[in-house]
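Thanks for coming, everyone. Please have a look at the screen while I walk you through this one.

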Amino acid sequence: MQCRALDEQKLRCQNDAAASDYCPAHRAAMEQRIGKAANLPAPRWRVLWNKFAASSNGVPDGGKYDVPKWLSGLPTPQVIEHLQTHPDSMARWMAAFVLRKRRAADAFEALWRARQQDPIRFVRQQAAVALGKLNTPAVYAPLVEGLHHDRDPGVREACAIALGNLGNPAAVDELVHALTREENVFVRWDCIVALGQLGDARVEPLLTQLQTQESAQVVRDACRDARAEIQRRRAVSSNV
Ligand SMILES: [Zn+2]
């Protein structure tokens, strides 16, 4: 199996991970990170997230599409097969949609490959949305990779939205980094909304600055709303 970590360019590590999730080089770093996390008291956001995760089936998904029976009735391994090999891009898109609605964790590898490699942007976008609905922290890496590298703004948007919904605080640095070079107004918008959702007070000065500099009114408004959201979350967490 291929390593599930990203390299310094934020592309998937090419090393073989044998039977585990990470290659030897990344395994040490991941274990150190997990060990460190285990020795620290859980931050307040984590306590809140665990409460949320325990009381729900993960990130809500209001997406609706009438998938034809020949596909929606198939067992998951066959849906994965269609995502990977069906010649019709609409069938691959629908396969990604079915896997998204099933929150099919065993489709993780196939969805990551589709997010990276499908030639049709709508399929890559649906794969990114589907990754965001799987209840596993492993989806963080393919979403960060897509945020930085996908050539289509719609896919980068889907990755930014999913990173905001997932609530992993490490995404803050990635979204801030994306804003330094992202030119598409809608992707900028979604990065800023995601920063609001992540609620990290360190980005308030950046949002204040962008609120005066952004050329698009919608993005300036998003900066204002994200700052309000960060302040609201701070007020909620100080009352827990
Ligand atoms: Zn690796």
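Start with helix H5, residues 89-102, and helix H7, residues 121-133. Their axes come within 8 Å and cross at roughly 5 degrees. An angle under 35 degrees counts as roughly parallel, so H5 is roughly parallel to H7. Keep in mind that this is a predicted model.

Who meets whom here? From H5, the contact takes in Ser 89, Arg 92, Trp 93, Ala 96, Phe 97, Leu 99 and Arg 100. From H7, the partners are Phe 122, Val 123, Gln 126, Ala 127, Val 129, Ala 130 and Lys 133. By class, the contact of H5 with H7 divides into nine nonpolar, two polar and three charged residues.

Now step back to the whole protein. How many helices and strands does the protein have? It has 13 helices and zero strands. Read along the sequence, the pattern is α-α-α-α-α-α-α-α-α-α-α-α-α. The protein has 240 residues, and buried ones make up 32% of them. Then the contacts. Take those between residues at least 6 apart in sequence: 59% of them join residues at least 24 apart.

Gln 116 lies in helix H6, residues 108-117. Gln 116 and Arg 12 are 104 residues apart along the chain, yet their C-alpha atoms are separated by 9.6 Å. Is Gln 116 buried, exposed or partly exposed? Gln 116 has 16 C-beta neighbours inside 10 Å, so it counts as partly exposed.

Next, helix H8, residues 140-149, and helix H9, residues 153-166. Their axes come within 8 Å and cross at roughly 140 degrees. That angle makes H8 oblique to H9. The crossing of H8 and H9 is left-handed. On the H8 side, look for Tyr 140, Leu 143, Gly 146 and Leu 147. On the H9 side, they meet Val 155, Arg 156, Cys 159, Ala 160, Ala 162, Leu 163 and Leu 166. The contact of H8 with H9 has nine nonpolar residues, one polar and one charged.

Now move along to helix H11. It runs over residues 185-198. First, its length. At 1.5 Å a residue, the 14 residues of H11 should span 20 Å, and the end C-alpha atoms are 20 Å apart, so the two agree.

How many residues of H11 are buried? The count is 10 of its 14 residues, so to speak mostly covered. The buried ones are Val 187, Arg 188, Asp 190, Cys 191, Ile 192, Val 193, Ala 194, Leu 195, Gly 196 and Leu 198. What covers them? The cover includes H9, helix H10 (171-181), helix H12 (204-213) and H13. Just after H11, Gly 199 takes a positive phi of about 65 degrees.

Last, H11 against H13. Helix H13 covers residues 217-238. H11 and H13 pack at an angle of about 10 degrees, with their axes 8 Å apart. That makes H11 roughly parallel to H13. H11 brings Val 185, Arg 188, Trp 189, Ile 192, Val 193, Leu 195, Gly 196 and Gln 197. H13 brings Val 218, Val 219, Ala 222, Cys 223, Asp 225, Ala 226, Glu 229 and Ile 230. The contact of H11 with H13 divides into 11 nonpolar, two polar and three charged residues.

That's my tour. Over to you.

Key
Residues are numbered from 1 along each chain as its sequence is written. This is a predicted model: local features need pLDDT of at least 70, side-chain atom pairs count only at pLDDT 80 or more; totals for chains, interfaces and linings use all residues. Helices (H or I, at least four residues) and strands (E, at least two) are DSSP runs, numbered from the N terminus. A residue is buried if 20 or more other C-beta atoms lie within 10 Å of its own, exposed if 12 or fewer, and partly exposed in between; C-beta atoms are placed from the backbone. Two residues are in contact if their C-beta atoms, placed from the backbone, lie within 7 Å. Axes are lines fitted to C-alpha atoms, for helices over the stretch in contact, and angles run from 0 to 180 degrees between N-to-C directions. Angles under 35 degrees count as roughly parallel, over 145 as roughly antiparallel, 65 to 115 as roughly perpendicular and the rest as oblique. Ala, Val, Leu, Ile, Met, Phe, Trp, Tyr, Cys and Pro count as nonpolar, Asp, Glu, Lys and Arg as charged, and the others, Gly among them, as polar. A crossing is left-handed if the near helix is turned anticlockwise from the far one by less than a right angle, and right-handed if clockwise. The expected span of a helix is 1.5 Å times one less than its number of residues.
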